[in-house]
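Subject: Model for you to look over

Hello,

Here is the model we talked about. Please open it and keep it beside you while you read my notes.

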Amino acid sequence: VSCIGLGGEGVLRTHGREREAQAVIARALELGINYCESARAYAGSESYYGLTLGERRRDVFLTSKSHDRSAAGAFGHLHETLRNMKTDWLDLWQVHDVRSEADLAAIFGPGGAIEAFARAKKEGKVRFVGVTGHEDPAILLRAFDLYPFDTVLMPVNPAEATWKSFPATVLPEARRRGMGVIGMKVLCRGLGLQVPRCETVGPWVRYALSHEVSAVVVGCDDPAQIAQNVAAAGEAPLTAEERRELEAAVAPWARRLMYYK
């Protein structure tokens with residue numbers, strides 16, 4: 001996959017903005033992005049991909065997610081996703097936003113969502129199964145022990161260094177298990193660009209890509225943002241010293257930037 005992917009949020013997490021969403025997806029493909037992400041919870045995002053990809057479906061690594069905690073509900077989500085995206089399969093289907101022990105109990109208990117994910121993989125409806133989370137690293141680590149996930153989607157940004165760090169805990173364990181690692185919350189929903197001396201996407205994208213990740217995803221509002229992200233991904237990743245400097249600059253704002261926790 002391309003080291004930077006198109007997230008399913010930004011203009012894609014809307015309804016009724018087909019023209020703008022299709023322009024963003026088309027620009028991403030034009031600039032070489034082939035990791036395309038969505039989720040059943042992301043408004044019209046899946047349908048925008050379905051409208052845009054057409055014959056280019058086989059050129060991309062197409063992903064989505066289900067937040068339903070039951071097997072029946074998750075499998076229903078998968079059929080909706082495939083219909084919306086106009087495809088017969090997903091390259092990656094992810095258990096969405098696992099936050100708590102209650103989530104784990106529901107997902108991995110009798111009749112839980114993981115049964116649908118395992119079935120979908122066995123039947124060839126999905127190639128890989130992943131898990132996502134952005135609230136508590138300990139919960140994701142517990143999930144790793146309950147199912148042999150192929151990938152994890154987790155926050156990777158300089159604010160993480162200050163509290164409950166996913167890169168410091170989840171990332172090395174995922175790599176030890178041979179999992180693909182996808183970074184998210186790279187720009188902290190754009191809030192990071194309000195931090196003094198950190199107002200461009202370059203340092204944030206280069207920070208994320210300086211970790212041992214397979215790819216990072218960023219949601220975009222327009223084609224110009226796609227171009228900015230791709231340009232940043234083409235630069236050298238930050239050095240260890242530059243990473244520490246960025247973490248220090250961001251630290252006073254870190255808890256606000258980690259709104260997702």
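Below are my notes on helix packing, then on single residues.

First, the ground rules. This is a predicted model, in which local features need pLDDT of at least 70 and side-chain atom pairs count only at pLDDT 80 or more, while totals for chains, interfaces and linings use all residues. Residues are numbered from 1 along each chain as its sequence is written, and side-chain values use heavy atoms, with hydrogens and water left out.

Helix pairs

Helices (H or I, at least four residues) and strands (E, at least two) are DSSP runs, numbered from the N terminus. Axes are lines fitted to C-alpha atoms, for helices over the stretch in contact, and angles run from 0 to 180 degrees between N-to-C directions. Angles under 35 degrees count as roughly parallel, over 145 as roughly antiparallel, 65 to 115 as roughly perpendicular and the rest as oblique.

Take α1 (residues 18-30) and α9 (residues 223-233). Their axes come within 8 Å and cross at roughly 25°. The two helices are therefore roughly parallel to each other. On the α1 side, the contact (heavy atoms within 4.5 Å) is made by Ala23, Val24, Arg27 and Ala28. On the α9 side, Pro223, Ile226 and Ala227 make it. By class, these residues are six nonpolar, no polar and one charged. For the classes, Ala, Val, Leu, Ile, Met, Phe, Trp, Tyr, Cys and Pro count as nonpolar, Asp, Glu, Lys and Arg as charged, and the others, Gly among them, as polar.

Now α8 (residues 201-209) and α10 (residues 240-250). Here the axes come within 11 Å and cross at roughly 125°. That makes α8 oblique to α10. From α8, the contact takes in Pro203, Trp204, Arg206 and Tyr207. From α10 come Glu242, Arg243, Leu246, Glu247 and Val250. Five of the residues in this contact are nonpolar, none polar and four charged.

Helix α7

Buried means under 20% relative accessible area, exposed over 50%, partly exposed in between (1.4 Å probe, protein chains only). In α7 (residues 166-176), the buried residues are Phe166, Pro167, Val170, Leu171, Glu173 and Ala174. They pack against α6 (137-146), β6 (151-155) and β7 (180-184). Ser165 caps the N-terminal end of α7, with a side-chain oxygen 3.1 Å from the backbone nitrogen of Ala168. Just after α7, Gly178 has a positive phi of about 75°.

Single residues

Ser66 sits in strand β3 (residues 61-66). Ser66 is buried, with a relative accessible area of 0%. Its side chain reaches the backbone nitrogen of Asp68 at 3.2 Å. Beyond neighbours within four places in sequence, Ser66 is in contact with Ala74, His77, Trp93, Gln94, Val95, His96 and Phe117.

Gly180 lies in strand β7. Gly180 is buried at a relative accessible area of 17%. With neighbours within four places in sequence left aside, Gly180 is in contact with Asp150, Thr151, Val152 and Ser214. Gly180 and Glu212 are 32 residues apart in sequence but 9.6 Å apart in space, C-alpha to C-alpha.

Asp97 has a positive phi of about 60°. Asp97 is in the loop between β4 (90-95) and α4 (101-108), and counts as buried at 18% relative accessibility. Lys185 has a positive phi near 55°. Lys185 is in the loop between β7 and α8, and counts as buried at 17% relative accessibility.

Best wishes

Conventions
Polar contact = N/O pair within 3.5 Å; in protein donor to acceptor, adjacent residues only side chain to side chain.
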